[in-house]
Amino acid sequence: MDSCVIPLRHGGLSLIQTTDFFYPLVEDPYMMGRIACANVLSDLYAMGITECDNMLMLLSVSQKMNEKEREVVMPLMMKGFRDAAEEGGTSVTGGQTVMNPWIIVGGVATVVCQPNDFIMPDSAVPGDVLVLTKPLGTQVAVNAHQWMDIPEKWNKIKLVITKEEVEQAYQEAMLNMATLNRTAAALMHKFNAHAATDITGFGIIGHARNLAKQQRNDVAFVIHNLPIIAKMAAISKAGGNLFGLLQGTSSETSGGLLICLPREQAARFCAEMKASRSSSLGQEGGVGDGQQAWIIGIVEKGNRCARIIDKPRIIEVPYRGAVANTQEGNNNNASPPEPTG
């Protein structure tokens with residue numbers, strides 16, 4: 001599971017807690033702090049928890065940084081983390097800072113809940129559909145941005161994407177990673193979600209398999225659609241199946257929630273996600289408002305496994321602020337495939 005659930009001795013309450021940390025993957029220290037906080041909170045959101053009682057920050061300062069670099073970079077990273085915590089309705093009350101060869105940022109999120117405040121990730125049934133609340137492709141976008149300065153790497157992908165498009169994809173990836181999954185967590189209750197997890201280091205297929213193994217019923221997850229940040233699928237192909245993006249193994253950071261929803265509720269869930277008010281990072285007006293969500297597959301009878309079909313439909317997700325010219329970019333409410341089992 002994404003978080004530990006510890007029954008308390010008093011009042012039928014449970015303590016739910018999670019921790020996570022990682023190394024920087026974007027150049028902006030403020031955004032890195034926001035991404036780290038969103039990533040920690042996402043483990044709570046995956047269980048339908050919308051409130052967090054307390055956060056701690058874990059910070060490692062690199063010994064390779066000089067004093068001026070530390071004075072500039074680390075406060076910005078801490079501010080980003082605190083701002084994201086505040087957006088999530090919580091605050092950072094402490095933590096730990098150490099010296100280390102590398103910068104590391106992360107934290108701990110804790111909440112005390114009543115039983116109806118959280119959704120255990122184990123109740124998917126045949127006939128449910130799978131919904132994803134952020135596009136894939138963050139690992140490809142971040143690496144492509146770094147490759148613009150490495151000729152031998154850039155030469156492999158320059159025929160399928162421009163440097164301007166790489167910059168747009170990188171900004172889109174940062175915005176997605178820094179966006180909280182809090183809205184999706186709240187809608188999980190409204191639309192009777194049966195199970196969920198967040199998509200991070202194991203890629204969508206790895207996390208889908210982990211979630212399938214947790215189910216009480218004999219089910220299997222079948223993924224038909226892959227929403228991917230625009231042009232990242234082309235980069236993956238040009239790079240020789242880069243990171244296994246189209247096979248679902250490409251790592252994501254602070255990715256979306258993968259949610260098992262009753263079939264009749266999924267389209268309304270996606271519509272309400274789109275109608276939701278954007279975060280403080282979003283753009284005012286246009287396609288920047290709200291958050292997208294996509295129906296990407298089905299739950300059928302099976303042996304607690306997950307797979308992506310041989311030729312999944314790639315949904316090119318336009319960069320924020322770009323006009324979606326194709327039906328694919330906005331096809332949130334498409335009917336899922338008919339169950340086969």
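Visitor: Why are α3 and α5 called oblique to each other?

Guide: In this predicted model, the axes of helix α3 (residues 138–147) and helix α5 (residues 163–178) cross at roughly 135°. Angles over 145 degrees count as roughly antiparallel and those from 65 to 115 as roughly perpendicular, with the rest oblique, and α3 and α5 are therefore oblique to each other. Their axes come within 9 Å, and α3 passes α5 in a left-handed crossing.

Visitor: What makes the contact between α3 and α5, and which classes of residue does the contact have?

Guide: Contact means heavy atoms within 4.5 Å, and on the α3 side it is made by Thr138, Ala141, Val142, Ala144 and His145. Helix α5 contributes Val166, Glu167, Ala169, Tyr170, Ala173 and Met177. By class, this contact of α3 with α5 has eight nonpolar residues, two polar ones and one charged one.

Visitor: Why are α1 and α2 described as oblique to each other?

Guide: Helix α1 (residues 29–45) and helix α2 (residues 67–87) pack at an angle of about 40°, with their axes 6 Å apart. Roughly parallel is kept for angles under 35 degrees, and roughly perpendicular begins at 65; α1 and α2 are therefore oblique to each other. The crossing in which α1 passes α2 is right-handed.

Visitor: What makes up the contact of α1 with α2?

Guide: From α1 the contact includes Pro29, Tyr30, Met32 and Arg34, and from α2 it includes Val73, Leu76, Lys79, Phe81 and Asp83. By class, the contact of α1 with α2 has 12 nonpolar, two polar and four charged residues.

Visitor: How do α6 and α9 cross, and what makes their contact?

Guide: The axes of helix α6 (residues 182–190) and helix α9 (residues 263–275) come within 10 Å and cross at roughly 145°, and α6 passes α9 in a right-handed crossing. Thr183, Ala184, Leu187, Met188 and Lys190 of α6 make the contact with Phe269, Glu272 and Met273 of α9. This contact of α6 with α9 has, by class, five nonpolar, one polar and two charged residues.

Visitor: How many residues line the largest pocket, and which lie nearest its centre?

Guide: A residue counts as lining when it has an atom within 4 Å of a point of the pocket, and 18 residues line the largest pocket, with Leu25, Gly201, Ser251, Glu252 and Thr253 nearest its centre. The space in this largest pocket is about 310 Å³.

Visitor: Which element gives the most to the lining of the largest pocket?

Guide: Helix α3 gives the most, with five residues, while β2 (14–22) and α3 each supply at least two residues of that lining. By class, the lining of the largest pocket has seven nonpolar, nine polar and two charged residues.

Methods:
Residues are numbered from 1 along each chain as its sequence is written. This is a predicted model: local features need pLDDT of at least 70, side-chain atom pairs count only at pLDDT 80 or more; totals for chains, interfaces and linings use all residues. Side-chain values use heavy atoms; hydrogens and water are left out. Axes are lines fitted to C-alpha atoms, for helices over the stretch in contact, and angles run from 0 to 180 degrees between N-to-C directions. Helices (H or I, at least four residues) and strands (E, at least two) are DSSP runs, numbered from the N terminus. A crossing is left-handed if the near helix is turned anticlockwise from the far one by less than a right angle, and right-handed if clockwise. Ala, Val, Leu, Ile, Met, Phe, Trp, Tyr, Cys and Pro count as nonpolar, Asp, Glu, Lys and Arg as charged, and the others, Gly among them, as polar. On a 1 Å grid over the protein atoms alone, a cavity is a set of points where a 1.4 Å probe fits but cannot get out, and a pocket is an open set with protein on both sides within 12 Å along at least five of seven lines; lining residues have an atom within 4 Å of a point. Grid points are joined across faces, edges and corners, and a volume is the space filled by probe spheres set on the points.
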